[in-house]
Amino acid sequence: ESGSAGVGAVGKLAGQKWKAMSDAAKKPYETKAADLSKEYTQKMVDFVTAGGVKGKRRAEKAETKQSKGSGSKKAKKEARAASGQPKKPPTGYWLYLSENREAFE
């Protein structure tokens, strides 16, 4: 609808449509998000049980600020992925946006 819009315009339009949607129309996205959240919680429990450290990202960020530029972002991202810590699941709105993004561009 908004042509070749930028990220901000797409997000604004999608947000307006999401707010205008009925609860029944939002339900499939929110149900899927709740299922993904439960799955994430279980994966996080398994990660911590296996010796992983929850909330490590904040400490890494503070350490990076202090050392200023020790290592590339790519290396840190790869190290985080190698740690096995699960990523947080998307919300219902993000699931809706990812499925309907082309309609907003």
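Predicted model: local features only at pLDDT ≥ 70, side-chain atom pairs only at ≥ 80, totals over all residues.
1. Residues are numbered from 1 along each chain as its sequence is written, and side-chain values use heavy atoms, with hydrogens and water left out.

2. The pairing rule takes rings of Phe, Tyr and Trp (its six-membered ring) whose centres lie within 6.5 Å; planes under 30 degrees apart are stacked, over 60 edge-to-face, and the rest tilted. Helices here are DSSP runs (H or I, at least four residues), numbered from the N terminus.

3. Are Trp18 and Tyr96 buried or exposed? Trp18 counts as buried at 12% relative accessibility, and Tyr96 counts as buried at 7%. The cut-offs are under 20% relative accessible area for buried and over 50% for exposed, with partly exposed in between (1.4 Å probe, protein chains only).

4. Tyr96 also pairs with Tyr29, edge-to-face, at 5.4 Å centre to centre and 80 degrees between the planes. This pair links distant parts of the chain, with Tyr29 in helix H2 and Tyr96 in helix H5, 67 residues apart. Tyr29 is buried, as is Tyr96.

5. Now to the second largest pocket, which holds about 270 Å³ of space. A pocket is an open set of points on a 1 Å grid over the protein atoms alone, where a 1.4 Å probe fits, with protein on both sides within 12 Å along at least five of seven lines; lining residues have an atom within 4 Å of a point. Grid points are joined across faces, edges and corners, and the volume is the space filled by probe spheres set on them.

6. Its lining includes Tyr40, Met44, Arg57, Arg58 and Lys88. Helix H2 (23-49) and helix H3 (56-67) are the elements giving two or more residues, and H3 supplies the largest share, three residues. Arg58, found in helix H3, is exposed, with a relative accessible area of 71%.
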